[in-house]
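This report describes selected features of helix packing, nonpolar cores and aromatic contacts. The sequence and structure are shown first.

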Amino acid sequence: MDVTALRRVLVGVPAPRGAALPRAHTTEAVPPVPPRHGVRPEIQALRALAVSLVVAWHLWPEDVPGGFVGVDVFFVISGFLITSLLLRELDATGLISLRDFWARRARRILPAALTVVACCAAATALVVPLTEWQQFFGDFKASALYVQNWHLAAAAVDYFHAEDSPSPVQHFWSLAVEEQFYLVWPVLIGAVAMVTRGRLRRVALGVVLSAVTLASLVYSVLHTAANPADAYFATTTRGWELGAGALLALAPATPLARRLAPALSPHHTRAARAALALGGLAAILVAAFAYSTATPFPGIAAALPVLGAVAVIRAGDVLAPLRARPAQHVGDLSYAIYLWHWPLIVLAPYALGHALDTPTRLAIIMLTLLLSLLSKRLVEDPVRFSRMLGAHGGRLTFAGALTASVAVLAIAGMGTDHVRTEVAQAAAVTQKTLAHKPKCFGAAARAPHRNCAVGKLSKSVVPTPVQAPKMDNAPCEVVETKGRVRVCAFGAPAGPGVRTVALIGDSHASHWRSAMAVLVKDKGWRGLSITHTSCPYSAATAVIDEPGRTECVEWKQQVGKWLKAHPEVDTVFFGAHTGGEVVVPKGKNQWQAQVNGYANAWKALPKSVAHIMVFRDTPKMRSATMDCVQTALDKHRDAGAACAQPRGRALERDPQAVAAAHFGGSRVKTIDITRYICTSTKCFPVVGGALVFKDIHHLTSVFAESLGPYVEQQVTAAGLN
């Protein structure tokens with residue numbers, strides 16, 4: 001999948017921590033950052049900077065291309081403050097009360113977070129088309145359970161979910177990272193404290209926390225290179241950022257810090273602190289404006305904003321701008337700002353019926369500030385500072401948290417249950433329609449010489465956009481698995497005189513299987529499907545994230561060997577998705593590299609493959625097309641006409657088709673079904689009452705099956721009988 005595109009919508013800012021507490025373990029001999037009660041101005045200012053970067057990046061990504069680094073700044077702040085809190089408790093009592101710690105975190109985090117999730121669920125029910133409910137309500141569940149980061153990591157590496165619309169709570173992934181940190185970190189510190197005493201305890205804590213932080217950093221660097229989609233959301237790749245803040249909290253109490261402190265005069269110390277703060281702020285801003293979604297992240301790149309945040313916290317509030325009232329106010333509201341801004345960005349286009357423009361973006365900022373102020377005063381602070389909740393040893397807090405979480409989960413469950421009911425009802429309608437076999441259904445409506453009057457079919461959609469993603473492809477029985485090659489069979493069984501054909505390519509080969517099933521049934525052939533998502537069969541190397549790139553190269557090599565070992569396969573049908581990129585050899589451009597990649601792959605096929613049939617790729621819809629179809633269906637309008645796309649935008653140049661036309665020779669023929677989806681000016685998401693696409697660019701099995709007779713016509717015209 002394209003993780004850089006995904007990161008544009010899937011970023012969040014961890015929750016700010018409220019008033020920081022004095023560090024009891026800091027001695028007067030340590031000049032940097034003297035202890036003080038109340039709010040740390042430099043930390044509030046850092047929060048304001050971090051949340052401002054993220055909001056600006058979400059609203060104006062071209063202007064602040066690396067604004068996602070705000071999340072890393074917040075991770076450092078969280079690690080620092082939480083570890084300071086735990087160390088102070090350890091100094092005062094010799095123990096850490098996990099019950100009290102987790103109760104405080106619950107009172108701080110859950111009220112506002114669950115309120116936002118509940119509001120998002122209500123807004124989804126009111127303004128969001130049913131096509132998005134399954135994903136949105138699934139995200140609401142994951143957010144309420146604080147496993148959103150793992151939920152998104154799984155979706156990010158799932159090809160068929162990589163292009164999902166952003167949900168209103170996808171930004172909760174960073175909160176999930178923090179909550180998981182809060183479960184583990186106090187247990188780790190408490191365990192070390194239980195087996196150590198005195199000065200040895202500080203040394204042991206330093207060793208253990210340093211080891212955990214270093215291990216996470218190393219893993220982050222390696223995993224970001226190997227699997228960036230998963231690495232971006234994983235707690236294990238982000239833990240070192242919180243660990244960096246934790247080590248900063250521990251540092252002032254180390255023997256080395258105490259020995260160095262007397263050597264620094266107050267004047268030199270203040271100048272050094274000012275320089276350190278300026279350097280830290282510069283590092284954060286450089287990352288925010290120099291990084292982009294193309295930057296491998298987190299990995300080693302995250303070190304720049306992380307070290308910048310560490311530097312600012314270490315320097316203290318030596319810079320006057322850090323104490324400015326606007327920065328302090330925004331910092332105080334930063335958690336609420338984080339919670340509210342992204343749902344407004346996601347839901348506004350559904351409510352308004354148009355994409356975000358500048359006035360809408362400015363209105364979102366103002367509404368975010370208003371909702372943030374209200375939720376802090378009416379929800380966050382009353383629960384957080386409740387004497388009743390704090391006076392019962394956490395029992396009431398946990399009971400309230402459990403009750404509220406269950407309520408939100410129930411709301412999310414109602415949403416997904418409604419989707420399942422709609423899918424079941426749509427499936428019954430689809431089955432009835434297909435059994436009836438309307439004369440002009442699907443591709444038949446655009447077939448030449450049919451004289452079709454679509455009539456009632458113009459306002460029906462089979463399957464519905466909600467049902468389509470749940471429908472299976474044409475049946476195919478797995479007959480062989482070797483290495484990365486998985487072969488499934490459909491059509492006639494193998495036997496003397498039975499022609500064996502293979503369908504090879506990426507998911508755009510796979511979506512032709514329903515049409516191929518019609519072809520092989522009519523011809524009496526045996527079909528074999530050999531596909532790999534995101535991996536067109538080409539001699540060129542696809543530019544995709546690891547481990548997908550290596551897997552793709554290996555799959556293509558193994559498919560070539562498999563074909564040599566199976567000479568009974570005399571015809572191969574190829575399908576491939578247009579629009580990707582490949583590694584470009586020196587002296588070539590991207591287009592030439594793609595065209596040559598296909599031509600060279602076909603030349604390398606064994607001579608036993610006598611016929612090569614190439615599917616010209618299908619058009620692509622825009623991301624909101626299925627929502628448009630669902631809305632038109634709900635309003636009993638002609639969805640095909642209402643949601644049609646300009647042909648010039650929908651139908652991309654196809655390097656595979658060009659390679660077939662110019663370099664394939666008599667061995668290679670092209671199958672082009674564009675006329676059944678597009679006119680000379682438009683391409684349609686619904687044709688003859690059949691939904692053409694189940695997402696942006698994959699055919700539904702229903703429409704693909706309706707194309708079967710017309711694929712067969714072109715195959716027969718190519719001389720294959």
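The model is predicted.

**Helix α8 and Thr213**

Helix α8 spans residues 198–226. Its 29 residues reach 42 Å from the first C-alpha to the last, close to the 42 Å expected at 1.5 Å a residue. The buried residues of α8 include Leu205, Leu209, Thr213, Ser216 and Ser220. An α-helix has 3.6 residues a turn, so residues three or four places apart point the same way. The buried residues of α8 pack against α3 (70–93), α7 (173–194), α9 (228–231) and α10 (235–250).

Thr213 has a relative accessible area of 10% and therefore counts as buried, the cut-off being under 20%. Apart from neighbours within four places in sequence, Thr213 is in contact with Trp185, Trp240, Gly243, Ala244 and Leu247. The C-alpha atom of Thr213 is separated by 31 Å from that of His341, a residue 128 places away along the chain.

**Nonpolar cores**

The largest nonpolar core has 112 residues, of which Phe140, Phe172 and Leu339 touch the most other members. Helix α14 (residues 325–352) gives the most to this core, with 14 residues. A second, separate core holds 51 residues, among them Val461, Ala632, Val686 and Leu707. Returning to Phe172, and not counting residues up to four places away in sequence, Phe172 touches Ala113, Val116, Val117, Ser143, Gln148, Tyr338 and Leu339.

**Aromatic side chains**

There are 20 aromatic pairs in the structure. Two of them are set out here.

| Pair | Geometry | Centre to centre | Angle between planes |
|---|---|---|---|
| Tyr537 and Trp555 | edge-to-face | 6.3 Å | 85° |
| Tyr676 and Tyr710 | stacked | 4.7 Å | 25° |

Each pair links distant parts of the chain. Tyr537 is in the loop between β4 (526–531) and α20 (548–565), whereas Trp555, 18 residues apart from it, is in helix α20. Tyr537 is buried, with a relative accessible area of 8%, and Trp555 is buried at 0%. Tyr537 and Trp555 also belong to one aromatic cluster with Phe574, Tyr598 and Trp602.

Terms used
Residues numbered from 1 in each chain as written. Predicted model: local features only at pLDDT ≥ 70, side-chain atom pairs only at ≥ 80, totals over all residues. Heavy atoms only, no water. Helix = DSSP H or I, 4+ residues; strand = E, 2+ residues; numbered from the N terminus. Buried < 20%, exposed > 50% of the residue type's maximum accessible area, 1.4 Å probe, protein only. Contact = heavy atoms within 4.5 Å. Expected span 1.5 Å × (residues − 1). Core = buried A, V, L, I, M, F, W, Y, C linked by side-chain atoms within 4.5 Å. Phe/Tyr/Trp six-rings, centres within 6.5 Å; stacked < 30°, edge-to-face > 60°.
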